[in-house]
Amino acid sequence: MFKSIFVPTTGFSNDPAALETALAVARTFGGHLDCVHVHPDPSQIFMQAAGYDVGMGTGAAFAVGDIATALQEEDSKRTERSRKTFDAFCLREKLEQVSLAPCPRAPTAAWTELMGREIDILTRQARVHDLTVIGHPTQWGGLTREMMGSMLLGSGRPLLLAPAKAPARLGETIAIAWKDTAESARAITAAMPFIAKARQIVLINIAEHDAVTIEAVDALARNLRWHDVQTDIRYLAHPCGSIHDTILTIAKEVSADMLVMGGYSHSRVSELIFGGFTRHVLAGTELPILMAH
């Protein structure tokens, strides 16, 4: 069950949808939201400012100190926006702010500010929570695709990518992008709390490079039915367009309100090189997506 839910806040427009999606999970499982905002370490700010200064050349109008001050001011503004969004959210949803468990009045929420290298802190936080909910990437800012990928690979925990607009419902009809890999199997294991409560499961299986995987997806469907959940299969021998678009089109056709998939990489040498479908998903979709690696 997802009792401890980690929500990184960024101070950008995707924070509200991430909070609302996380709350939908917390209401389903009686959970707690740990909302964390990360400040860059002052030494990192000066290193970043020095990099800007070098890149601008000797004729740059701003000294390193001026750039560092601007970066610190931007961090302060983002922190203020994040905190205001969090407080307004808790007030609107009547969420009690508590820091220590247990609390019988779930769902609850907490706010924390930490300082350091953002990706390191976020990955460590993700490791100790049941689930991490991340906002949909935007062109104005937020966590980058690379940061989300690093968290997915480095945390060992599932990640729920919230859409730009929070869903009206969550986990009633779950589409599973099945590929006969260990990563897909781990994603299903991670999603079992949702699967056990779902009304319908739709397995989407697309043969890549003419691979025949009907037997594997049939076996998976038979085993999922032991959880007393209606389980259907959508199998395509060849994708209609890109695999990414085909899977999302099928998920929309069956009115899925969640997509489950494994965050696998085609390279075992470098964990930072993702498969094409994973890259598309991390770039953002209109559907909440639960991923595990």
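Sheet first. I found an open sheet of 11 strands with mixed pairing, in the order β3-β4-β2-β1-β5-β6-β11-β10-β7-β8-β9. The edges are β3 (96-97) and β9 (230-236), each with a single partner strand, so one side of each is left without a neighbour in the sheet. My strands (E, at least two residues) and helices (H or I, at least four) are DSSP runs, numbered from the N terminus, and two strands pair if DSSP finds at least two bridges between them.

A note on ground rules. This is a predicted model, where local features need pLDDT of at least 70, side-chain atom pairs count only at pLDDT 80 or more, and totals for chains, interfaces and linings use all residues. Residues are numbered from 1 along each chain as its sequence is written, and side-chain values use heavy atoms, with hydrogens and water left out.

β3 pairs with β4 (residues 108-115) in the parallel sense over two bridges, and Gln97 stands opposite Ala109 in β4.

I then looked up Thr108, which sits in β4. Thr108 counts as buried at 3% relative accessibility; the scale is buried under 20% relative accessible area, exposed over 50%, partly exposed in between (1.4 Å probe, protein chains only). Leaving out residues up to four places away in sequence, Thr108 touches Gly31, His32, Leu33, Glu96, Val98 and Cys103, where a contact means heavy atoms within 4.5 Å.

Gly116 was next, in the loop between β4 and α4 (118-127). Gly116 is buried too, with a relative accessible area of 12%.

On to helix α1, residues 15-29. Its 15 residues reach 21 Å from first C-alpha to last, close to the 21 Å expected at 1.5 Å a residue; that expected span is 1.5 Å times one less than the number of residues. Buried residues in α1 include Asp15, Ala18, Leu19, Ala22 and Phe29. After α1 comes Gly30, with a positive phi near 65°.

Last, which residues line the largest cavity? They are Pro8, Thr10, Asn14, Asp15, Ala18, Ile134, Gly135 and Leu143. A cavity here is a set of points on a 1 Å grid over the protein atoms alone where a 1.4 Å probe fits but cannot get out, and lining residues have an atom within 4 Å of a point. The largest cavity holds about 50 Å³, with volume taken as the space filled by probe spheres set on the points, joined across faces, edges and corners.

Definitions and conventions. On a 1 Å grid over the protein atoms alone, a cavity is a set of points where a 1.4 Å probe fits but cannot get out, and a pocket is an open set with protein on both sides within 12 Å along at least five of seven lines; lining residues have an atom within 4 Å of a point.
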